Amino acid sequence: MKKTTTLFKVCTLTAAMLATSASYAGSLTIASPQDPGSWDPIDTFLVNWASVATNIFDGLTYRGPDLELVPGLATSWEELDDGKRIRFSLREDVVFHNGEPFNADAVKFTFDRLLGEEGSRGPQRSNYTAISHVEVIDDYTVDFFLYNSDPVLLTKLAGYGAMIVPPGYIEEHGDDYFNTHPVGTGPFKMVDYTPRSDVKLEAFADHWGGAPKLDSVTYRFISEPSTAVAELQSGRVDIVLPPTIPIGMIDSINNHPNSQVVSVPSPTVEALRFNTQSGITADERVRQAMIMAIDRQAIVDSILGGEGQVIASFQGTQSFGFDSELEPYPYDPQRAQALLKEAGVEPGASVQIDVRGNDATFGEVAQVVAAYLQGVGINASIQPYETNVLLNDIIPAGRTGEMFQQKWGGWTFDFDNTAYLMYHSGERWNPYDSDATLDEMLNSQRSITNREERETLLQFVARYTKERALEMPLYSLNALYGVSNRVQNFEPAPDNRVRLTDVDVSE
Amino acid sequence: MAKFLFYRVLQALFVLVAVTLIVSFAIRLTGDPAIMLAQGAGSITEADLERIREALGLNQPFLVQYLEFLKGLVTGDMGRSFMGGTSVSELIGRALPATLALAFASLLISIVVSIPLGIKAAVSRGKWPDQMIRILSLVGLSFPNFWLAIMLVLLFSITFNLLPPSGMEGWQSFIMPAATMGIILTATNVRLVRTTMLETLRSQYIMVARAKGLSNSAVLYKHALRNCSIPLITYFGLQFGGLLGGIVVVERVFNWPGLGTLAFDAVAARDYPVLQGVITVLSLMIISINLLVDVAYGFVDPRVRKS
């Protein structure tokens, strides 16, 4: 009798072990550089929130790695009243992870919360202020009433603050609880969260888009790049999310038999912007000359290892407002010298370049820029600042040198998000320039709902800023993912929001 | 004695207030957390920022914020992280044991290695084992700990795949970070043990012990080591405080879920409450160690009490 029990125990144990190894086959570990601290969609603007949360929540619209806007929780929508009202038809038979049904009330609750008191304590609200209120028409139809039409609104509904949250759950448990125990309608549900350490997700089989292939996903927060790469190479991490991997580590990842770098153009662009008010850069010809003095393709090839594209205006190729016909200034040191002479700049004139001190790659870029400027007779000194000091004190107060580093990019991939903030008079990031023509164009594009018309205008803005040489556009950067060879069907997302529904692993 | 104790505690409290005041003030000079939170928010306005600041309690004058913080300390509430509102006590409660465990493990490695090596060096003074040990300890001292950490990871995690490169998941996770800290401590400690041992070996009671005909090991381990242990224990104890400071870099490389990582991330995110909390706990620990040492001296030595 005793023997049978032991045998039985052995059998169950083996079965249990088989079961664990089977579930292990469908699990994935991802390294993310930062814990956003709260999983509530209205609390944060961190891209590392979105890379996890895109698997937990759904929006009314959805935008995947191809950047096409497709139906999400809304199956269709139509613009009424000259774009002042949008009617959404909602998907039926959708449930939240806690079993609560998704319906028009959930949509209304989400936006009342975002635009109301709870939302005003966080950074997300400001992005949705075009919305006046949401009205429930019937269980699966809602109307969004807008103060003014917002051409980017449908894109904004595909991410961040517009993620639909469960009313019953939040009312029952409160906002604080929701921060650490989020519930959405997404393909994965959160099962465990240890602040500053890791977060575990499990497949939500009832997802309206079909059950994910993976059983579970663990995100580990690892901020040090070399540590994340070591975890990848030792096989304990399957995907390293951007922005983690520095250019210098690409070769070591690709040379390892288990891993490779997968890259995709990201919305992030870099420029050296000019002080257009004082110093030699107040002269448009000098600014143009300085741009022509730099071989930017050489910088992309040698310092970025080819992981970037030279830009003509302050946006990448995927940006709405990008114009493929707009050529960057050519690399032409002779013409640059002629322009400098015309502007009366003596050889030996000096400029200061302000950079973020902790950005090693850009430090190299700045040095190469300085060397090229030397080639046309301009002495450039590089002034590194602590990033936050540069962003919070130096730039907004207009205390920069003649040139300063600006790294920019928004997940909406809309040039408005860059152009308005960089060029409109009085904006925080525009301490020096004031141009009535630009202001007018920037204001009017915000109320145009016709896509083509608006695109033409944004392209014109780009052309105008290029001609005035308001900045030295450098390059757009690729997003670099470190991926283990066991990962299948992985598609790198330009905006870091990797939805894992189709991803699988092989043993 | 009561008066001495009273003044020492008062002094310790003063140091604590001074440290937290300086830290709270200094971090507020380094940037606005509201802007950090709103980074990437396209159309954020000054009014939006003001609302966020209000929600974080940053719209009040510095002294009011600081008094709030002190009031919280007394009631055991260190506030909430700006990053998601997790309670600071909870974060520290999770990180502190991890840091302490790592510090103890490092100290343990260093003691276990440095005592036999130090004694060996002292006994064979001037001969080749002594020279070897001294050269090795010099090499150990010259390693920057982040470099050593990365080399260990390359060797043991990537090349041989024996140890986990980061995290805290079991005893294996302790080996590399504790060894990194331990090797550098050992380098100093070996020299310390050697010098102390040499001094002790010159004293008269050792000569007496030898004259009695005791075996060499009995003289060394029973008499000499015991007498050495008083200065050594004092030194190791004080080292513990310094260890907590030096652990930040090692924690970061090994992604150790301790106070160092917490503080590092808090600085990067301008998370004032978390940083204030970590600094307060660390300084409280160091101040308490010093206070205990002082009070212990006071008990032992009447001269200290009176002055």
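A residue is termed buried if 20 or more other C-beta atoms lie within 10 Å of its own, exposed if 12 or fewer, and partly exposed in between, with C-beta atoms placed from the backbone. The model is predicted: local features need pLDDT of at least 70, side-chain atom pairs count only at pLDDT 80 or more, and totals for chains, interfaces and linings use all residues. Residues are numbered from 1 along each chain as its sequence is written, and chains are lettered from A and ligands numbered from 1 in the order in which they are written.

Phe413(A) counts as buried, with 24 C-beta neighbours inside 10 Å. Its phi is near 55°, a positive value in a residue other than glycine. Phe413(A) sits in the loop between β16 (403-408) and α15 (416-423) of chain A. Helices (H or I, at least four residues) and strands (E, at least two) are DSSP runs, numbered from the N terminus. Tyr160(A) also has a positive phi, of about 45°, although it is not a glycine. Tyr160(A) is placed in the loop between α5 (153-156) and α6 (167-173) of chain A. Tyr160(A) is buried, with 29 other C-beta atoms within 10 Å. A cis peptide bond runs from Pro242(A) to Pro243(A), with omega near -5°. Pro243(A) belongs to the loop between β11 (239-240) and α9 (250-255) of chain A.

Chain A contains an open sheet of four strands. The strand order is β4-β5-β7-β6 (chain A), with antiparallel pairing; two strands pair if DSSP finds at least two bridges between them. The edge strands, each pairing on one side only, are β4 (74-80) and β6 (131-138) of chain A. From one strand to the next, the twist averages 20°. Helix α3 (residues 104-115) of chain A packs on the sheet and touches β5 (85-90), β6 and β7 of chain A. The direction of α3 makes about 165° with that of β6(A). Axes are lines fitted to C-alpha atoms, for helices over the stretch in contact, and angles run from 0 to 180 degrees between N-to-C directions. β6(A) and strand β7 (residues 141-146) of chain A run antiparallel and are joined by six bridges. Ile131(A) has Leu146(A), in β7(A), as its bridge partner.

A further antiparallel pair is formed by strand β8 (residues 188-194) and strand β9 (residues 198-203) of chain A, over six bridges. Asp192(A) has Lys200(A) in β9(A) as its bridge partner. The hairpin of β8(A) and β9(A) has three residues between the strands, and Arg196(A) takes a positive phi near 65° there.

Helix α12 (residues 333-342) of chain A has Ala336(A), Leu339(A) and Leu340(A) as its buried residues. Seen down the axis of α12(A), they fall within an arc of 100°, so they line one face of the helix; the arc is that of the directions from the helix axis to the C-beta atoms. The face turned away from the buried side of α12(A) carries the exposed residues Gln334(A) and Glu342(A). The cover over the buried residues of α12(A) includes α10 (284-292) of chain A. Contact between two residues means that their C-beta atoms, placed from the backbone, lie within 7 Å. Just after α12(A), Gly344(A) takes a positive phi of about 80°.

Met441(A) is found in helix α16 (residues 436-445) of chain A. Met441(A) counts as partly exposed, with 18 C-beta neighbours inside 10 Å. Beyond its neighbours within four places in sequence, Met441(A) is in contact with Leu457(A), Phe460(A) and Val461(A).

Chain B has 13 helices and zero strands. The radius of gyration of chain B is 24 Å, well over the 19 Å that the globule rule gives for 307 residues, so chain B is more spread out than a compact globule. This radius is taken over C-alpha atoms, and the globule rule is 2.2 Å times the number of residues to the power 0.38. The C-alpha trace of chain B spans about 85 × 60 × 30 Å along its principal axes. Of the 307 residues of chain B, 36% count as buried. One of the residues in helix α8 (residues 171-201) of chain B is Asn189(B). Asn189(B) is buried, with 25 other C-beta atoms within 10 Å.

At the interface, 39 residues of chain B are in contact with 34 residues of chain A. Elements giving two or more residues to this side of chain B include α7 (145-159) and α10 (216-253) of chain B.
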